[in-house]
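Take a look at the structure below.

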Amino acid sequence: MKNKIPYGHQMYDLMKKLLPINRSISGDGVRKTLYLIKEIIKEFNIHEAPSGKRCFDWELPYEWNVSDAYISDEHGNKVIDIKDNYLHLMGYSIPIKKKLSLSELELHLHSLPDQPDAIPYLTSYYKDNWGFCITHNQRKKLKNQLYSVVIESEKKIGSISYADFIIPGKSKKEVFITTYSCHPMMANNETSGLVLITFLAQWLLKRNNFYTYRFMLGPETIGAIIYLDKHLEHLKRNTVAAFNLTCVGDDRAVSLMPSRSGQTMTDRLVRHYLKYFEEKYIEYDFLKHRGSNERQYCSPGVDLPMVSIMRSKYLTYPEYHTSLDNISLVSPQSLQKSFDIHVECIEILEANRIYNRQIICEPHLARRKIFERLGGGTHVPDQMILMMNFLTCCDGKADLLSISEKLGVYIGDLNDSISILEKNNIIIDQT
Amino acid sequence: MKNKIPYGHQMYDLMKKLLPINRSISGDGVRKTLYLIKEIIKEFNIHEAPSGKRCFDWELPYEWNVSDAYISDEHGNKVIDIKDNYLHLMGYSIPIKKKLSLSELELHLHSLPDQPDAIPYLTSYYKDNWGFCITHNQRKKLKNQLYSVVIESEKKIGSISYADFIIPGKSKKEVFITTYSCHPMMANNETSGLVLITFLAQWLLKRNNFYTYRFMLGPETIGAIIYLDKHLEHLKRNTVAAFNLTCVGDDRAVSLMPSRSGQTMTDRLVRHYLKYFEEKYIEYDFLKHRGSNERQYCSPGVDLPMVSIMRSKYLTYPEYHTSLDNISLVSPQSLQKSFDIHVECIEILEANRIYNRQIICEPHLARRKIFERLGGGTHVPDQMILMMNFLTCCDGKADLLSISEKLGVYIGDLNDSISILEKNNIIIDQT
Amino acid sequence: MKNKIPYGHQMYDLMKKLLPINRSISGDGVRKTLYLIKEIIKEFNIHEAPSGKRCFDWELPYEWNVSDAYISDEHGNKVIDIKDNYLHLMGYSIPIKKKLSLSELELHLHSLPDQPDAIPYLTSYYKDNWGFCITHNQRKKLKNQLYSVVIESEKKIGSISYADFIIPGKSKKEVFITTYSCHPMMANNETSGLVLITFLAQWLLKRNNFYTYRFMLGPETIGAIIYLDKHLEHLKRNTVAAFNLTCVGDDRAVSLMPSRSGQTMTDRLVRHYLKYFEEKYIEYDFLKHRGSNERQYCSPGVDLPMVSIMRSKYLTYPEYHTSLDNISLVSPQSLQKSFDIHVECIEILEANRIYNRQIICEPHLARRKIFERLGGGTHVPDQMILMMNFLTCCDGKADLLSISEKLGVYIGDLNDSISILEKNNIIIDQT
């Protein structure tokens with residue numbers, strides 16, 4: 001692995017800035033988020049897709065904003081208030097101002113008996129509804145009285161915001177990196193993805209890249225559908241690898257969601273990395289466990305070569321989709337590690353060239369002073385064996401990944417051999 | 001599985017009608033059998049292939065009929081008489097009228113010392129010969145005296161009878177169903193095949209079929225050769241699946257003889273059925289265990305996609321090719337089950353379509369009221385998961401069988417999903 | 001297996017004649033060797049490739065000859081003398097005549113502390129150097145005195161000798177058989193190869209061959225490179241199988257070095273042979289263990305279908321590349337066995353035809369008197385089952401090797417079936 005770029009603390013700071021913003025799939029919280037990121041990566045272009053626009057099978061929903069929402073008791077005390085936590089309000093709740101008995105109110109309350117201190121995260125994007133999400137302990141304290149419910153929200157014909165930008169490389173072939181901007185106030189799923197994409201972009205902007213890199217930030221599901229609706233043919237034609245950034249915040253696991261076929265370039269390179277550096281990683285089953293944007297990007301007829309390299313995967317950790325998925329789950333170290341993993345996988349991809357030999361039969365290494373020994377002697381240094389074994393596999397067809405797998409070495413371990421052989425005009429890059 | 005059509009008792013009645021007829025590969029017994037079946041399925045066409053006709057490597061044999069055959073002792077008592085059982089006479093025995101000592105007679109007697117109560121079944125179609133088959137207990141009772149042997153048989157230039165008919169379907173692609181009409185007086189092998197083909201035809205005549213169904217009834221081996229000689233190119237071009245009905249009478253086993261490659265559509269669908277409904281089924285090896293008409297229909301250069309779904313396979317049960325293979329081995333229940341198995345396999349075949357999605361990315365199910373839940377919630381009903389998993393595999397290439405195998409469900413379990421998705425114009429049949 | 005041709009003793013005699021000659025990769029020892037072999041196989045053509053000629057990445061080295069080389073002590077006693085063993089002199093040592101102290105001399109002495117009675121074998125073809133190889137016991141006896149070192153050798157612009165010839169067969173497709181002529185005074189590696197190629201040629205000259213056979217004798221590595229430089233396109237286009245003869249002298253093992261892909265015709269046929277006749281054979285890994293001329297003949301862009309069927313493989317036996325690899329390791333029996341193995345593998349190759357059936361469906365064997373039984377009887381002789389199983393696999397595509405593997409029998413066991421079926425015009429050779 002290359003030396004780490006120590007971004008962990010900056011990532012953690014950005015996390016703290018982004019976490020408190022109230023993000024949904026549309027609205028000003030999302031816009032604020034995107035502009036905050038654009039302050040760091042000025043290359044991002046922010047787009048607005050209008051409500052009502054048809055994208056494949058979907059009609060883009062209204063834009064939703066909320067200015068206030070609370071429940072107060074008979075005495076005017078606010079017992080639940082989104083100023084405490086935006087998760088208290090079900091996403092896309094319609095406006096309401098009403099007095100309700102406890103039993104009437106109960107129909108609109110959501111809590112988790114098994115996690116009495118957690119506020120659940122719920123939304124109702126496509127059906128008019130309203131609700132409050134509270135801890136079960138809070139709920140138990142509610143008394144039989146008349147409550148005032150106030151939701152000052154607005155669903156209007158507006159737009160859904162998303163952002164993208166491209167770093168051109170030597171090749172027009174693209175690597176697609178995406179995450180989502182919709183989950184409010186939760187750290188692992190999904191503010192971590194916003195943080196990671198920002199710093200991957202920063203790193204790639206400085207790197208001299210072979211591939212072109214395309215970044216996209218938008219709401220989960222509908223954002224992917226908007227983006228595919230606009231760019232499907234281009235993405236299908238040009239994408240050589242794709243990373244969906246999700247659940248990259250905590251430090252309790254490393255896990256892989258493969259692509260639909262499980263056999264794309266991205267699958268191969270990520271598995272190669274994980275084999276050498278993350279012995280205990282978990283590989284999930286696409287059919288059984290998919291749940292993030294691979295549901296769109298890997299669906300039949302799209303089939304981008306996309307994987308997610310996650311830490312604790314959505315649906316598998318206790319704090320998932322609750323107020324407990326907060327800053328306490330992440331650290332500068334955990335964010336750094338997620339960054340390092342993705343950096344190394346991108347390095348593998350960039351290094352994964354196809355070489356061919358320029359020389360038929362073994363090259364005369366002694367003449368080139370690459371290696372000298374007395375003929376007939378039996379000792380050959382390991383590095384020399386590796387170089388000769390590499391040459392024995394180098395045929396203008398096999399890429400470095402498959403040669404590494406065949407030789408049982410990490411792809412980076414071939415660097416020295418390749419560099420010497422290239423300098424000596426024994427092999428040539430044919431990618 | 002679909003509801004059963006209760007044909008078992010009618011099948012058993014037909015079995016009792018057909019069993020006593022003296023069938024060989026040619027002659028009036030076969031004709032009588034075919035006309036009896038034609039009384040039920042009037043669509044059958046009965047054909048006659050003339051003796052001496054060349055079919056591939058074979059010359060069709062003489063037609064053989066027998067009016068009487070017995071052995072009587074010195075006192076004129078008939079000790080063996082085909083009126084008791086047609087198996088007593090070796091098939092295609094030449095006519096004879098002669099007095100013989102016991103030792104001379106012994107050269108023409110066949111019995112089974114290990115099954116002293118069984119009359120063996122023997123024939124000599126292509127070489128002039130005569131013989132009597134008796135139980136070993138009968139044989140031991142014969143005394144040293146002069147026996148009169150009478151065989152009133154005739155081998156003449158005549159013809160070999162067979163029958164076929166076609167039920168046209170929406171597709172010109174054909175399913176070929178065949179059995180054989182030559183084994184006299186034996187129940188599992190092979191009167192059971194005659195009974196089953198009759199009722200499968202009856203069922204398919206009433207069904208609204210996608211495929212065209214072709215039925216053929218003729219003697220084993222030479223019948224298949226006659227039929228292939230006439231229809232080879234048509235059968236090779238059009239047959240998508242084929243069933244050889246043999247040994248479908250008893251209730252002691254379910255077993256499969258795969259096709260030569262073992263990988264045809266018929267193999268795949270039958271194995272799918274058996275996996276879900278017959279845990280303990282036996283799969284035989286084509287090379288080691290073939291023995292019925294697959295020897296012709298699956299031979300190189302023919303290679304129809306033919307399997308046999310048998311109960312107790314020929315050569316594997318003690319009563320095989322003896323007088324003990326009689327009505328006592330079969331029952332209305334055992335015949336019903338063989339019928340049901342074949343019906344279900346045909347249902348699988350008819351259902352095994354290739355669908356494609358009409359929608360890129362996930363369809364908006366909530367809008368269609370197919371399925372509603374609060375976004376962010378984690379519970380999804382099983383039927384919904386199955387539908388979404390099916391959609392995730394549905395790509396216009398994979399057929400339902402392979403999708404079922406991938407999803408680990410019985411093909412029939414996809415019916416509801418498919419029906420909903422088709423009605424909602426989310427998928428379309430592309431078969 | 002066919003009957004053995006008893007060449008063992010003649011092979012052993014030739015071994016004894018060739019062993020004492022001082023062979024290097026060039027020079028008069030090689031020439032003498034080639035002319036000695038040409039006395040037996042007059043068809044060999046001896047070629048000279050000039051020093052300095054460019055072959056792929058290599059420039060052919062000077063020709064080297066040595067007339068005398070020794071070390072004498074202060075009293076004029078020769079303590080080391082190549083007249084005792086040519087291995088005493090490092091191959092391609094430059095001429096020298098000098099007095100040296102023991103400590104100066106030590107820099108040019110090579111011995112093996114772990115094998116104190118063995119003279120090591122060393123060369124320095126491409127770098128000017130000189131040295132003496134001695135037993136460690138000899139070395140320990142050297143005293144601190146002034147030694148005279150004399151090497152009367154010559155490196156000159158000359159040529160490298162090699163020999164080849166072709167036995168035309170019915171087909172223009174070629175089998176390539178090669179070994180090397182460079183290792184002096186060593187028996188298993190590599191005088192054994194010279195002996196074996198001579199007698200394989202003698203046998204094939206008398207045989208009526210389907211394939212064309214090409215033989216090549218030259219120095220290891222540079223000889224292969226010279227030959228490929230001249231014949232690459234022809235060899236790539238025409239070679240169906242290739243054998244590299246190396247380490248075929250001793251009797252302690254049978255081992256296989258497969259080709260680079262491990263899946264060529266030669267790999268398949270040799271593994272088939274070994275499975276049936278050498279249960280305990282060792283199969284080496286091309287990547288890990290290659291070391292002989294397969295490094296050239298199987299390199300990417302060349303990829304001849306070449307294997308080595310060895311006895312004790314180079315680098316794996318204690319006497320390897322020392323004076324202990326001498327006549328005591330070989331015997332008429334061990335040489336005979338190496339001959340027999342190669343003969344049988346060539347017989348397999350020649351027998352490995354593709355047959356097709358001339359008859360659709362089963363042939364009427366009874367009519368041809370190939371086989372008779374009473375119809376309905378259950379006993380079939382094994383040979384008959386094998387013939388019918390063969391027919392069931394015979395489709396004009398599968399070669400005999402793959403049919404044998406499928407049927408689980410040795411390819412030679414099909415001879416009788418094939419011969420009967422061919423005579424009866426049931427199958428036809430389509431190779």
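Angles under 35 degrees count as roughly parallel, over 145 as roughly antiparallel, 65 to 115 as roughly perpendicular, and the rest as oblique. Keep that rule at hand. The model is predicted.

Start in chain C. Two packed helices are described by the angle between their axes and the distance between the axes. Here the pair is helix H5 of chain C, residues 187–206, and helix H10 of chain C, residues 332–351. Their axes come within 10 Å and cross at roughly 45 degrees. H5(C) and H10(C) are therefore oblique to each other. The crossing of H5(C) and H10(C) is right-handed.

Which residues make the contact? From H5(C) come C:Leu196, C:Phe199, C:Leu200, C:Trp203 and C:Leu204. H10(C) brings C:Ser338, C:Phe339, C:His342, C:Val343, C:Ile346 and C:Glu347. Sorted by kind, the residues of this contact of H5(C) with H10(C) are eight nonpolar, two polar and one charged.

Now move to chains A and B. The size of an interface is often given as the accessible area lost when the parts come together. Between chain A and chain B, the buried area is about 2,100 Å². Carbon and sulfur atoms give 57% of it. Chain A puts 29 residues into the contact, and chain B puts in 24 residues.

Three residues stand out on the chain A side. A:Asp57, A:Leu287 and A:Pro300 supply 30% of the area that chain A buries against chain B, more than any other three residues. A:Asp57 also forms a salt bridge with B:Arg367. The closest N and O atoms of A:Asp57 and B:Arg367 are 3.0 Å apart. How many salt bridges cross the interface of chain A and chain B? The rule finds four.

Key
Residues are numbered from 1 along each chain as its sequence is written. Chains are lettered from A and ligands numbered from 1 in the order in which they are written. This is a predicted model: local features need pLDDT of at least 70, side-chain atom pairs count only at pLDDT 80 or more; totals for chains, interfaces and linings use all residues. Side-chain values use heavy atoms; hydrogens and water are left out. Axes are lines fitted to C-alpha atoms, for helices over the stretch in contact, and angles run from 0 to 180 degrees between N-to-C directions. Helices (H or I, at least four residues) and strands (E, at least two) are DSSP runs, numbered from the N terminus. A crossing is left-handed if the near helix is turned anticlockwise from the far one by less than a right angle, and right-handed if clockwise. Contact means heavy atoms within 4.5 Å. Ala, Val, Leu, Ile, Met, Phe, Trp, Tyr, Cys and Pro count as nonpolar, Asp, Glu, Lys and Arg as charged, and the others, Gly among them, as polar. Buried area is the accessible area (1.4 Å probe) that two parts lose on being put together, summed over both. A salt bridge is a side-chain nitrogen of Lys or Arg within 4 Å of a carboxyl oxygen of Asp or Glu.
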